[in-house]
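Please read the points below with the sequence and the model at hand.

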Amino acid sequence: MKHRLSPLVGVGSALALAPAICQALAFTPLLPTPSAAQDRPLTVNMTEVYRAGGVNAPDWALFGPAAALQASFDGAGNLLLLDAFNKRVVVVGPDGQLVRIVGREGEGPGEFQEVRALAVWRDGRFAVPDTEHSAIQVFSPDGELERFVRWPGEPRTLSTALRHREIRADPLGDRIVARGVEGVLVEMMSFGNRLQGYPEDDTEGVDDRALEMLDLSGDVIASVPVLQGWRAPRPEPPSSTSLDDWPKIVAAVEDRYFEPTFHWDVLPDGTIAYSDSTAYAVKLASPDGSVTDVLRRLLSPETVSERIRQGTIAFRLQRLEESLANPPSTSLPFGRDPEQSRRTIRDREFYHEVPVVQGIRATWDGGLWIQRRSENPWDDEGPIDVFDADREYVGTLSAGEPAMPIAFGPDGLVAHMESDEFDVPTLVVSRVER
């Protein structure tokens, strides 16, 4: 069946544009609106290959919540799906049939306890960090455990483990590129330690605006900082053991609405692409972190107006109410009841600009997809600028046409995740028409 993908729920990763695929992009006249005056609009058609999941799926395709799923293709077109809720990695072949299930809940090697992230190399090897194991488990292409690489010293702290929620396989070696841990999570743990009289969490490591390289070639993980992105100035959080001071601590470390975040991905040649400001300036860095180029477009950050403030608060409140109406999906801030969460949404501060860049993903063949802010800045999905492997601007896909896939693979394969009204996920794998 041929179809044109509409916006999907729970998407967040990348789509590949092979040279042959570029020929499938249809150019249309420039839009006359100011926000799109520089855009070269594109459309792309996809053919659905298979689906897996949903309420009537076989046991292997009964996945946990979409928020607990991560996926990546290998070079053979197999899709590896980390189902963190069910403590397993599901490998699906190019024909949509189950290849194997790797792992289960347990304390032994090859079993999972607390997992959040997946890194897949093109030869089919993959790695899964496990907080409770205090290690990263590396598996062969056939799903056998190759190595159990531990962190130096035990036990590892929670803040160290949380760094491994966003990782990529290094295409140049037996390493993983990992983003650091969010300051609010570090402070949450440190605050809890202070309340209970435990030592401060003084683990060294990069923050959530930085990347580190994890070498897995030995028995013990070797960590080397790669690059540090820019962070908007913030006050130092108070060091306190009073519950009354918790809101002040959160306010000092939690991102304000529209504060520029750190978006990044790794290209097939090891180049790191990242954005750390409100401007349209995507930096390209070598594996050692040295910036070699910057991709720019003449698109400016938007000043935060009263309309944007009110719209953002209303949007967040609506999402909170929707989550409260669906208890299995509810995720409330630490130690807060629903009314306190509503107050937090209303009282959270705003950064003075809306960043242009909202997401960066590398394509299978070395291009980039750069997602921009939506017409309503509080929305998640805006248009996507497409750059080819030569860093040349190809054109712009309209918002949701298609949405950012959760994974991309060889020969035009792409994956999206759909969720029904009960939040039951379905994996949809398609192929970009040539």
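Is Ile-345 buried or exposed?

1. The model under discussion is a predicted one. In it, Ile-345 is buried, because its relative accessible area is 14% and the cut-off for a buried residue is under 20%. Ile-345 belongs to helix 6.

2. The surroundings of Ile-345 may be described next. Apart from residues up to four places away in sequence, Ile-345 touches Tyr-257, Ile-313, Arg-316, Leu-317 and Leu-320.

3. Helix 6 spans residues 338-347, and its residues Ser-341, Arg-342 and Ile-345 are buried. These residues lie on the same side of helix 6, because the arc they cover around the axis is only 105 degrees. In an α-helix there are 3.6 residues a turn, so residues three or four places apart point the same way. Helix 5 (306-324) is included in what covers the buried residues of helix 6.

4. Phi of Phe-258 is near 70 degrees, and Phe-258 is placed in the loop between helix 4 (246-253) and strand 17 (263-266). With a relative accessible area of 15%, Phe-258 is buried. Lys-87 has a phi near 55 degrees, also a positive value, and lies in the loop between strand 6 and strand 7. Lys-87 is likewise buried, its relative accessible area being 13%.

5. The largest nonpolar core has 23 residues, of which Phe-63, Phe-73, Leu-79, Ala-415, Leu-427 and Val-429 touch the most other members. Two or more residues of this core come from each of strand 4 (46-53), strand 5 (69-73), strand 6 (79-83), strand 7 (88-92), strand 27 (407-408), strand 28 (413-419) and strand 29 (425-432).

6. Which residues are in contact with Leu-427, leaving aside its neighbours within four places in sequence? They are Tyr-50, Arg-51, Ala-52, Phe-63, Leu-79, Ile-406, Ala-415, His-416 and Met-417. Among them, Phe-63, Leu-79 and Ala-415 are named with Leu-427 as core residues that touch the most other members.

7. The peptide bond between Glu-401 and Pro-402 is cis, with omega about -5 degrees. Pro-402 is located in the loop between strand 26 (393-397) and strand 27, and strand 27 is one of the elements that give two or more residues to the core described above.

Note on methods:
Residues numbered from 1 in each chain as written. Predicted model: local features only at pLDDT ≥ 70, side-chain atom pairs only at ≥ 80, totals over all residues. Heavy atoms only, no water. Core = buried A, V, L, I, M, F, W, Y, C linked by side-chain atoms within 4.5 Å. Buried < 20%, exposed > 50% of the residue type's maximum accessible area, 1.4 Å probe, protein only. Helix = DSSP H or I, 4+ residues; strand = E, 2+ residues; numbered from the N terminus. Contact = heavy atoms within 4.5 Å. Arc of directions from axis to C-beta.
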